[in-house]
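Please open the structure in your viewer and keep the selection tool at hand.

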Amino acid sequence: MSDSTTESLHPGLNLGEEHGDDHLEAETSVFGFWVFMMSDLVTFGMFFAVFASSLGALAGGPGPKELFSLGSVAIQTAFLLTSSLTSGMAVLSLKQNHAGGKESRKQLVFWLLLTVLLGCGFLYREVADFIDMAANDGAPTRSGYLSALWALVGLHGIHVTGGIIWCLVIVGGVLVQGVNKGWKLTILRWAVFWHFLDIVWIAIFSFVFLGGLL
Amino acid sequence: MERTKEFHHYLIGFALATILTIIPFTLVATVGGAFSYAILVVCAILQLIVHLRFFLHLSYKGQQKEDLQLVMFTGFILLIMIGGSIWVLGSLYSRM
């Protein structure tokens with residue numbers, strides 16, 4: 001512990017030496033999840049490619065300037081970015097939880113639930129925007145552009161929904177079974193997933209929404 | 001000690017990401033035009049790096065290096081696939 005050089009070899013989404021064997025297993029398990037995450041990124045990438053090549057396919061329907069509201073996108077971005085920070089705080093309190101104290105478990109659950117709350121705030125705004133779009137002649141069946149838009153942004157929304165459900169399952173598991181090895185590794189993988197969704201959102205708000213409004 | 005350092009790491013990342021988000025939103029709301037689009041692209045790439053570095057803790061050291069290589073290889077594949085699709089379809093579009 002006093003040797004800070006060995007400890008700093010394991011920063012971030014990892015458990016740290018104090019977790020003993022769990023820590024060693026976390027390395028391979030998190031790396032494996034990264035491999036999945038990257039294949040998921042390729043899926044998103046292809047949705048982006050479809051969207052980019054459908055930019056001109058308006059078919060006389062409404063375009064980005066008629067459909068998007070800058071304020072709403074800003075609120076969604078704020079929700080998701082803050083939730084990325086709180087999920088990071090959850091991982092930090094997990095790393096401190098190696099002694100298995102009740103107090104640090106409370107902290108962990110608090111940060112996880114806060115992340116869920118922020119994620120729900122994001123989803124609420126996103127669904128409200130989708131409903132608005134559909135009401136303003138912007139249903140996915142209207143044009144190629146709109147199909148690609150709903151598919152891309154919707155795919156991200158489904159991922160966020162999945163991340164929220166996953167997080168709630170983790171909270172339940174941690175409360176019932178305690179912070180054991182299985183849940184520790186699950187939390188690390190979930191954190192990679194959640195941060196990853198925020199990264200995909202950077203690309204969506206920059207190129208789909210802001211790029212469309214320019 | 002190490003814990004406070006990591007905590008600060010997250011806060012720095014969050015601050016940088018917030019700044020890199022506010023810049024493009026402000027530009028789109030006020031200035032607009034091709035100049036804003038260029039800044040927007042730069043901010044998006046920088047924010048991507050900030051997230052990978054400060055939230056996902058990728059680096060050239062230790063096990064994180066393998067994760068980073070994986071991400072960079074995927075980025076390379078994506079570049080070929082997205083860039084290629086846009087190139088081919090854009091060319092087709094301009095011929096029609």
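Begin by selecting A:Leu108, A:Trp111, A:Leu112, A:Thr115, A:Val116, A:Leu118, A:Gly119, A:Phe122, A:Arg125, A:Glu126, A:Asp129 and A:Met133, which are the buried residues of H5(A). Please bear in mind throughout that this is a predicted model.

Now extend the selection to residues 102-135 of chain A, which form the whole of helix H5. This helix comprises 34 residues. From its first C-alpha to its last, H5(A) reaches 49 Å, close to the 50 Å expected at 1.5 Å a residue.

What covers the buried residues of H5(A)? Display helix H3 (64-67), H4, helix H6 (144-177) and H7 of chain A, for the cover includes these elements.

Next, move to A:Asp137, which follows H5(A). The phi angle of A:Asp137 is positive, near 65°.

**Where the chains touch**

Show chains A and B together. In this interface, 43 residues of chain A are in contact with 42 residues of chain B. Which elements of chain A give two or more residues to the side that touches chain B? Select helix H1 (4-7), helix H2 (21-53), helix H4 (70-96) and helix H7 (181-213) of chain A, which are those elements. The greatest contribution to this side of chain A is made by H2(A), with 13 residues. If you colour the side of chain A that touches chain B by class, you will find 26 nonpolar, 14 polar and 3 charged residues.

**Chain B by itself**

Hide chain A and select chain B. Chain B has 3 helices and 0 strands, and its pattern along the sequence is α-α-α. Colour residues 1-57 of chain B as domain 1 and residues 60-96 as domain 2. The C-alpha centres of these two domains of chain B are 21 Å apart.

Along the principal axes, its C-alpha atoms fill a box of roughly 65 × 40 × 10 Å. The radius of gyration of chain B is 18 Å, whereas a compact globule of 96 residues would have one near 12 Å.

Finally, select the buried residues of chain B, which make up 25% of its 96 residues. Among the contacts in chain B between residues at least 6 apart in sequence, 42% join residues at least 24 apart.

Note on methods. Residues numbered from 1 in each chain as written. Chains lettered and ligands numbered in written order. Predicted model: local features only at pLDDT ≥ 70, side-chain atom pairs only at ≥ 80, totals over all residues. Domains from an automatic or database assignment. Contact = placed C-beta atoms within 7 Å. Helix = DSSP H or I, 4+ residues; strand = E, 2+ residues; numbered from the N terminus. Nonpolar A, V, L, I, M, F, W, Y, C, P; charged D, E, K, R; others polar. Expected span 1.5 Å × (residues − 1). Buried ≥ 20, exposed ≤ 12 C-beta atoms within 10 Å, placed from the backbone. Rg over C-alpha atoms; globule rule 2.2 N^0.38 Å.
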